2 protein chains.
Amino acid sequence: VSSTPSQSADNRRFVLAKRPDGLPQASDFRLETGPIPKPGRGQFLVRNVYIPVDPGMRPGLSDDTTGVQAFAPVPLGAVVGYLTVGQVVRSEHPVFAPGDWVTDHLLWQDYAVSDGTRARKIALHPNLSPSTACGVLGVPGLSAYFGTLAVAEVKPGDVVLVTSIAGAVGSIAGQIAALKGCRVVGTAGGAKKCAWAKERFGFADIVDYKARPDLAAALREICRDGIDVLFDNVGNAMIDLVLPLMRRNGRIVICGQVADYGIPYRDMAGIRNTNRFAFQQLTLRGLFTPAFEDRYPTAIAEMTDWILDGKLTYVEDIETGFEKLPTAFASLFRGENLGRKLIKTG
Amino acid sequence: VSSTPSQSADNRRFVLAKRPDGLPQASDFRLETGPIPKPGRGQFLVRNVYIPVDPGMRPGLSDDTTGVQAFAPVPLGAVVGYLTVGQVVRSEHPVFAPGDWVTDHLLWQDYAVSDGTRARKIALHPNLSPSTACGVLGVPGLSAYFGTLAVAEVKPGDVVLVTSIAGAVGSIAGQIAALKGCRVVGTAGGAKKCAWAKERFGFADIVDYKARPDLAAALREICRDGIDVLFDNVGNAMIDLVLPLMRRNGRIVICGQVADYGIPYRDMAGIRNTNRFAFQQLTLRGLFTPAFEDRYPTAIAEMTDWILDGKLTYVEDIETGFEKLPTAFASLFRGENLGRKLIKTG
């Protein structure tokens with residue numbers, strides 16, 4: 001079959017050429033080739049088919065020692081990347097067989113060997129592409145699901161502010177909150193992106209932060225009675241700005257921190273309006289999606305139903321061409337993408 | 001009886017003379033006198049006997065418009081203060097009778113009229129002074145109780161860091177956590193205060209932050225396996241410093257923010273190490289003690305038992321003399337006090 005690698009084929013991969021200085025650039029990565037690895041006993045070989053371009057990869061590219069890294073930095077010269085979706089092409093593993101679709105931490109490369117420890121088989125639905133396993137039915141969608149339902153515990157009538165609501169996580173989080181009877185308000189950058197998100201996902205209230213430099217005032221206008229839940233994908237400055245608008249018993253979920261990734265500790269914005277926490281009895285929690293791993297099957301089943309019933313919409317922006325990964329990644333940080341950005345390896 | 005005011009007696013009170021510039025000074029307050037008010041129908045007159053000196057009064061003395069005040073500022077010329085403990089001397093109220101001991105928001109003055117809405121009758125225990133109603137059995141003790149048990153939900157085996165552990169709230173919080181089987185670690189300023197708190201409350205591990213400028217390193221040494229609960233009375237910089245030491249599923253309770261009170265927003269420290277929240281699945285919550293008002297009787301009964309059983313110790317530093325209030329308040333912010341500071345009006 002076409003997915004069987006020829007023994008002579010090179011394995012392309014992107015390594016970290018240099019640590020980004022501020023916003024990542026395509027030139028921070030270097031294309032290398034090498035032999036296709038061979039699976040040993042208890043292992044299998046995967047051909048990556050879909051490689052998502054994920055802002056969550058950003059922190060690991062820095063080794064800022066003035067601050068605190070939650071993740072160990074990727075060494076210079078090491079292959080970069082995160083979760084991928086691919087197909088097993090050869091197997092010495094009892095559970096994973098050739099032809100199986102899997103998602104695993106297999107990085108920015110054509111082929112990778114896995115021992116299955118962190119791999120998850122994709123239960124393919126005939127009406128859904130395997131690519132959904134790294135989007136709406138993968139970590140972004142699961143983050144939206146558990147962030148809204150398990151961490152924020154959204155309730156009907158809540159006013160839920162989702163920042164980066166046009167993004168891969170935000171667009172799903174906003175829709176799930178709306179499905180649960182919340183009033184959903186969002187932020188996004190640029191008239192085009194706001195209009196697109198309103199039209200594609202049905203969000204009524206999106207504030208264009210590029211058009212409204214006084215974002216706090218804009219949010220206050222649109223949320224006159226305050227905000228119950230902040231589902232944040234932006235970072236410290238955004239949380240600080242929204243805190244004074246939070247209603248009693250409000251919940252803040254830290255999902256993404258795209259504005260803080262790669263910023264040295266000394267230059268980073270901080271959360272200062274913390275007096276609101278006691279006075280308004282607020283809770284701030286971090287979302288660590290893998291903590292909910294045992295509930296992934298239930299969540300995926302429920303979200304699949306919503307998709308098939310037309311209640312949940314997702315947008316994938318798939319480009320073909322492995323070599324486009326660095327450019328696509330850099331463009332994320334310029335806010336240029338509409339929908340979940342994926343590279344189909346070819 | 002001696003608590004009946006003579007009609008000619010002046011009612012002494014302290015008003016806000018000017019807004020503190022940085023640390024509060026005694027000269028920020030002005031002594032005034034006026035007539036003793038008369039209770040109308042449904043009201044009663046209280047003579048304040050114990051007036052606590054509380055750092056929580058600090059934020060209301062500022063009107064910093066660059067930041068966000070949780071409380072409305074006290075107007076210049078208005079009587080300052082917060083909760084007091086006193087005795088009813090005259091009553092036109094169906095529930096509160098002369099001789100009753102009450103705690104209420106009756107400010108820094110000899111006499112005040114109450115309508116009972118926010119007043120609480122003190123169930124006097126023969127072995128306990130009514131002054132405890134503004135200390136261990138008042139808001140400080142209740143903050144310690146609900147902060148540890150209801151907000152942080154401390155569990156046996158937790159490593160609990162209590163900042164300002166020699167203070168009115170911290171000393172009780174640390175003891176309650178220890179009673180529940182936690183390992184308690186604290187911070188306090190100065191060798192004398194640390195030794196005093198160890199001796200009086202039985203805390204084994206207190207870090208003297210004045211002697212250890214690298215407080216993070218000192219805490220890391222003493223909490224080699226990390227911290228499960230931070231019960232914070234200091235403020236943003238302390239939380240930021242402790243965040244990297246927090247263990248998975250850790251909880252941070254914002255109880256007091258003494259280092260941030262009165263600091264203009266632009267100069268305030270911020271919490272920046274927020275990447276820890278997701279990675280370590282941390283929760284930060286504000287403690288608003290009045291939210292637990294319906295559980296006060298249970299808490300007071302339980303803490304009274306602990307006190308009488310010798311399991312819970314408290315220290316009151318009572319000075320007699322109404323006129324000493326401003327000096328005592330200012331001294332709080334220089335970290336000079338040992339124990340709950342109270343003024344007995346005389």
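Modeller: Two rings of Phe, Tyr or Trp (its six-membered ring) pair if their centres lie within 6.5 Å; planes under 30 degrees apart are stacked, over 60 edge-to-face, the rest tilted. This is a predicted model: local features need pLDDT of at least 70 and side-chain atom pairs pLDDT 80 or more, while totals for chains, interfaces and linings use all residues. Residues are numbered from 1 along each chain as written, chains are lettered from A and ligands numbered from 1 in the order written, and side-chain values use heavy atoms, leaving out hydrogens and water.

Colleague: Thanks! How many aromatic pairs are there over all chains?

Modeller: The ring rule above is applied over all chains. The count comes to 28.

Colleague: Of which class is the pair Trp108(A) and Phe329(A)?

Modeller: Trp108(A) sits in the loop between strands S5 (101-104) and S6 (111-114) of chain A, and Phe329(A) in helix H8 (325-332), 221 residues apart. The ring centres are 5.8 Å apart and the planes at 80 degrees, so the pair is edge-to-face.

Colleague: How much area do chain B and chain A bury between them?

Modeller: The contact (heavy atoms within 4.5 Å) takes 34 residues from chain B and 34 from chain A. Of the area buried, 54% is on carbon and sulfur atoms. Summed over both chains as accessible area lost (1.4 Å probe), the total is about 3,000 Å².

Colleague: In S13(B), what is the bridge partner of Arg285(A)?

Modeller: Strand S13 (283-286) of chain A runs antiparallel to S13(B), joined by three bridges (pairing needs at least two). Arg285(A) is bridged to Thr283(B).

Technical notes. Buried area = accessible area lost by both parts, 1.4 Å probe. Helix = DSSP H or I, 4+ residues; strand = E, 2+ residues; numbered from the N terminus.
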